[in-house]
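Reader: I'm new to this one and would like to talk it through slowly. Could you put it up so that we can look at it together?

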Amino acid sequence: MTESIDSGTRIKPGTDLYAEVSDLLLREADALDNYRYDEWLGMLTEDVTYVMPVRTSQFLTDGKGFHGDATFFSDDRESLTTRVRRLETEFAWAETPPSRTRHFISNVLVHEREDGELGVRSSFMITRTRQDHGYQMFTGERQDRLRRGEDGELRFAGRVILPDQTVITATNLSVLF
Amino acid sequence: MYMPNADIRARLEATVDPEAGAIPMFVYTDPDVYRLELENLFGRTWLYVAHESELPEAGSFVVRRMGEQSVIVGRGDDETVRVFLNSCRHRGMRLANEDFGCTEMWRCPYHGFTYGSKGEFLGTLIGAPYERQAYPEGLDKEALHLIEARVESYRGMIFATWNLDGPSLDEFLGNVRWYLDIVLGRAEMEVVGVPQKWIVPSGWKLPSENFCADAYHTATAHSFLARLKLVEGVDFGRDGYHVDPGGGHGLGIGVHDPAEGSYFPDSLEAEYARNLDAEQLGLLHRVKNFHGNVFPNLSFLIPNFIPMGDQLVSGMMLRLWQPIGPDKLEVWSWHLVERDAPAQWKRLARKMYVQTFGVSGMFDQDDTENWEAQTLNSNTALTRPDEVMLHYAMGISAAPLDDFPGPGAAYDGKFSEAAGRTFYRTWLDALLARGAA
């Protein structure tokens, strides 16, 4: 899963394109942390794919422990929209009242492929608190494909979320990554 | 501060009264109760450990749990499936530290004691390093055989128990087999990938009884479904049957109008007909959803069919509610599908399962929320001087149907807690060691 995202020409920090990608990642994190879900949906292409594979403990010689068949998320624009609309119903008990999240995004590597899409790899740390419960924390890697629309805006066309945990130490994944 | 129960058995006998529909709240998370559960229930009863499709070849193994104990479920080089305590006979180190794999032998990472796929200590030269120098008097190979559980399987489901001379798996499952035939025996099933695992701060009985005997919560806990028009009305949890098959197992079957025809793939109809009798097949054709629990902590679910695109689809699952403490559990959730289902069905079923169930699933998010808060309340009730009693009397005076085709007591409509009362009766008997667990 890590092969293709780094293919093409490396886009280095300090370039305009790298700054544009960074800005999109920051605006996305801000939208998610502040419940602006429609703005977030607007950052996704119509054909977006959103996948989080399950990780297992394996010897290094057997790979990184990801198995394509089993996933924590296997979503598209329609289902992500359903998730967002659910959060807005007041009957999404896992998020009523809502969690407080903070998305920390770092270690951003950008590559430009021949077809014009950008491969963006980043590390995430997401903290979540809810009611008076303690912190839940999620860490891992995101592999994003970005595509420029006819309006000139970059949008997320695909996201693969690679969690560090094999056993998720959270009651549920009602937050978005 | 938690005060230990002076006599937990006496307190259980005095307060747990399933036949009257009364269960005291402290049993959800009480540490002394939990201790009894590990010894007298999880240490004695049949426990689900794996599906045969997870062990495709000689040497395949998965690491699972029986109660809190780590076990290796492995297919030996003679193709027989065995279950061993994941613990070296030398110093108790874990032998398998990866989640699954395929191997001819297990070598302990601590001192190198080595065991074959049948659990046998492999003896001189290969068994223990420097064996002749370290153990000039020799090693008793028989005494070093891995600690082995008793194993039996039903319809591809592998169960194990530490109770070597208790009832057979067939006796233990009893009437629930007729229903498991429909859920897991209707066709050759395969587990899709590895299980999702996550931790919920909840006593293990709360989700078990929810899958066993609680169709009633769906209209409230999952009301977003109706709000978002994913189902036609909030009554999707009501129409059908509640079944108390006995033995602490329990299930509910949601049905639709037979005129609509089967919701399952047409191309599998011949396989279904081969594996089911006429009455089981007739029921399958009406299934809209199907939930249940095999005592004590294995749940199964065919979730309510919902439209994915223009097709009605459901993604079935098996669940283990693994206890990891009085008020904490690890959920293990497997998606299963008919091996010969059309590729498109398999794709949609997997998508439906992940989106609606599992740790990110829109149903599960709401359920875990309830179990977590109940657990917090149960913990705080442990210090109260009075006994907080909870209401388990739904359907207590209802008479079972006399024309239902399946065995056990079946009730018209899913709103009943009959099997939940039997769950707690079976649980109590096991804890107090009355009858066979």
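Reader: Where does Met125(A) sit?

Author: Met125(A) is placed in strand 5 of chain A, residues 118–129, where strands (E, at least two residues) and helices (H or I, at least four) are DSSP runs numbered from the N terminus. Please keep in mind that this is a predicted model, in which local features need pLDDT of at least 70, side-chain atom pairs count only at pLDDT 80 or more, and totals for chains, interfaces and linings use all residues. Residues are numbered from 1 along each chain as its sequence is written, chains are lettered from A and ligands numbered from 1 in the order in which they are written, and side-chain values use heavy atoms, with hydrogens and water left out.

Reader: And is Met125(A) buried, exposed or partly exposed?

Author: Met125(A) is partly exposed, since its relative accessible area is 32%; buried means under 20%, exposed over 50%, and partly exposed in between, with a 1.4 Å probe and protein chains only.

Reader: OK, new topic: which residue does Arg11(B) meet in a salt bridge?

Author: Its partner is Glu387(B), with 2.8 Å from N to O, a salt bridge being a side-chain nitrogen of Lys or Arg within 4 Å of a carboxyl oxygen of Asp or Glu. This pair links distant parts of the chain, 376 residues apart, as Arg11(B) belongs to helix 1 (residues 8–15) of chain B and Glu387(B) to the loop between helix 12 (362–381) and strand 20 (389–391) of chain B. Glu387(B) has a relative accessible area of 27%, so it counts as partly exposed.

Reader: What about Arg65(B), which residue does it form a salt bridge with?

Author: Arg65(B) pairs with Glu330(B), and their closest N and O atoms are 3.2 Å apart. Because Arg65(B) lies in strand 3 (residues 60–66) of chain B and Glu330(B) in strand 19 (residues 328–338) of chain B, the pair ties together parts that are 265 residues apart in sequence. Glu330(B) is buried, at 6% relative accessibility.

Reader: Which residues are linked in a network of salt bridges?

Author: The network links Asp47(A), Arg113(A), Asp115(A), Glu117(A), Arg145(A) and Arg147(A).
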